[in-house]
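Load the model and keep the sequence beside it.

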Amino acid sequence: MEKIIVEGGNKLKGEVNVSLAKNSVLPIIVASILNPNNIVIENAPMLEDVIVLTDLLKSMNCKIENIGEGNLEINTSSLNEINLNSELIRKMRASFLIMGPMLSRFGRCRISMPGGCNIGSRPIDLHLKGFKLLGAEIETEHGYVEAKAKRLKGNRIYLDFPSVGATENILMAAVLAEGTTIIENAAEEPEIWDLANFLNSMGAKIQGAGVGKITIEGVDSLKGISYKPIYDRVEAGTFMVAAAITNSKITINGANEEHLRPTIEKLKECGVKFEIRGKDIITVDGTKLKSPVDIKTLPYPGFPTDMQPQMMALLSVTKGSSIITETVFENRFMHVAELVRMGANIKIDGRTAIIEGVNSLTGCDVKATDLRAGAAMILSGLVAQGRTEISDIYHIDRGYVNIEEKFRGLGANIYRVDK
Ligand code: EPZ
């Protein structure tokens, strides 16, 4: 079983190149189902989740080839599969995003329910509400969802919660629907803007993506393009916290200031300094004394839930009391038990964690309980006394490309072992 080993104590220096955003590339690959023409997605991060998704589309008779450096050449003209491979679907929740484009292009799709994961039940009720309002008949039985519609018709859809996945699924379904669709209380994450920008580059007519109300005028067809998605704001944010927790100064290439605003502002409150060096280049100075802060995770532009575990690692060694409230997912505190094993002083009360900063953590064997919790284990290992051995690192590989090489390039003593 592979593990990541971190020997704590090293300062970080130099610069790191962040990959393109996993949470953009996944929906963008799925959106290629809408378009039978040739598409190139540039520099896709070859993460486990991206590989699973490309395998899934290949199993549906799509042509996808990595022609070098993550440039994915996609052609879905021969796509014929309507009953999707549940094994691959279950492996990765984001594959449920296939339903929207399949409904829009073929009028039918049968897909296994995505199921929950470690951080929450991950329901799909808002996705299905949107499809029904667009005129689809939905049946859910034996663990499958089947959706059918002669042709989807535009409608007004209000989302009870600004769900990222539901916004993306409904947005893609509306692209080829007849007439106008309006999604209200839509998610505003930068990845939503990126997906809409990709679709508009192919000839879709979408306005308002990135703000709470999105209007989509249905079109009959789309043209082939080559597209480069945005940088990964969560990976960049993870390296910002790495600078803060090790009291180091580093430069991050691929850090978009606007997309990282919530993370930057919270780290500034904590005592971290930032210098915008150029387009998507930010120098992070974490050398000053840190102060405790309170965090409440919220949909964008609130503080991102995907940065919550990483911040908890930092606050575990920040003198004073900090409070983190997780409002987005119902079970996203599994990293707390692992941090406590390392000597952190954290108490959970429902969706709130109270953190009393300690002078130091001690390295030990810990688990990556989910993707971002795994990142938090690396961050705490960087400053723990002695060796931290992280297992279940397949979670980390789902969201970070070559994570230990990137940290080693900054001077961390971190490596992967296979035992
Ligand atoms: C996306 O998940 C991201 N994944 C997650 O990133 C991210 O944490 C999340 O958005 C929130 O920002 C991808 O983009 C692949 P949601 P998604 O639908 O779309 C409730 C990572 O670490 N909800 O916004 O599944 C749900 O229960 C991953 O990169 C409903 O109630 O998130 C949850 O409490 C983790 N009904 C909340 O919305 C629905 O139909 C947020 O879910 C859908 C969601």
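In which loop does H142 lie? H142 sits between β7 (137-141) and β8 (144-148). Helices here are DSSP runs of H or I with at least four residues, strands are runs of E with at least two, and both are numbered from the N terminus. This is a predicted model, in which local features need pLDDT of at least 70, side-chain atom pairs count only at pLDDT 80 or more, and totals for chains, interfaces and linings use all residues. Residues are numbered from 1 along each chain as its sequence is written, and side-chain values use heavy atoms, with hydrogens and water left out.

Start with the backbone. Most residues other than glycine have a negative phi, and most peptide bonds are trans. H142 is not a glycine, yet its phi is positive, about 55°. H142 is also exposed, at a relative accessible area of 71%. The classes are buried (under 20% relative accessible area), exposed (over 50%) and partly exposed (in between), with a 1.4 Å probe and protein chains only.

N185 also has a positive phi without being a glycine, about 60°. Its loop runs between β10 (180-184) and α7 (190-201). N185 counts as partly exposed, at 26% relative accessibility. The peptide bond between Y300 and P301 is cis, with omega about 10°. P301 belongs to the loop between β17 (294-297) and α10 (308-316).

Now follow α7. This helix has twelve residues and spans 16 Å from first C-alpha to last, close to the 16 Å expected at 1.5 Å a residue. The expected span is 1.5 Å times one less than the number of residues. Among the buried residues of α7 are P190, I192, L195 and F198. G203 follows α7, with a positive phi near 110°.

Next, helix packing. Two packed helices are described by the angle between their axes and the distance between the axes. For α5 and α6 (residues 164-175), the angle is about 20° and the axes are 8 Å apart. That makes α5 roughly parallel to α6. Angles under 35 degrees count as roughly parallel, over 145 as roughly antiparallel, 65 to 115 as roughly perpendicular and the rest as oblique. Axes are lines fitted to C-alpha atoms, for helices over the stretch in contact, and angles run from 0 to 180 degrees between N-to-C directions.

Which residues of α5 meet α6? They are L126, H127, G130 and F131, and their partners in α6 are G165, A166, N169, I170 and A173. Contact means heavy atoms within 4.5 Å. L126 is buried, at 11% relative accessibility. Leaving out residues up to four places away in sequence, L126 touches L159, D160, F161, S163, A166 and I170.

Finally, the annotations. An unreviewed UniProt entry marks C117 as "active site". UniProt positions follow the numbering used here, feature names are shortened, and annotations may be inferred rather than shown by experiment. C117 lies in the loop between β6 (108-112) and α5 (125-133). C117 is partly exposed, at 32%. Beyond residues up to four places away in sequence, C117 touches R93 and R122.

The unreviewed entry's "binding site" annotation covers residues including R93, R122, L126 and V328. V328 is in the loop between β18 (321-326) and α11 (334-341). V328 counts as partly exposed, at 21% relative accessibility. Setting aside neighbours within four places in sequence, V328 contacts F161, T297, L298, P299, T305 and R351.
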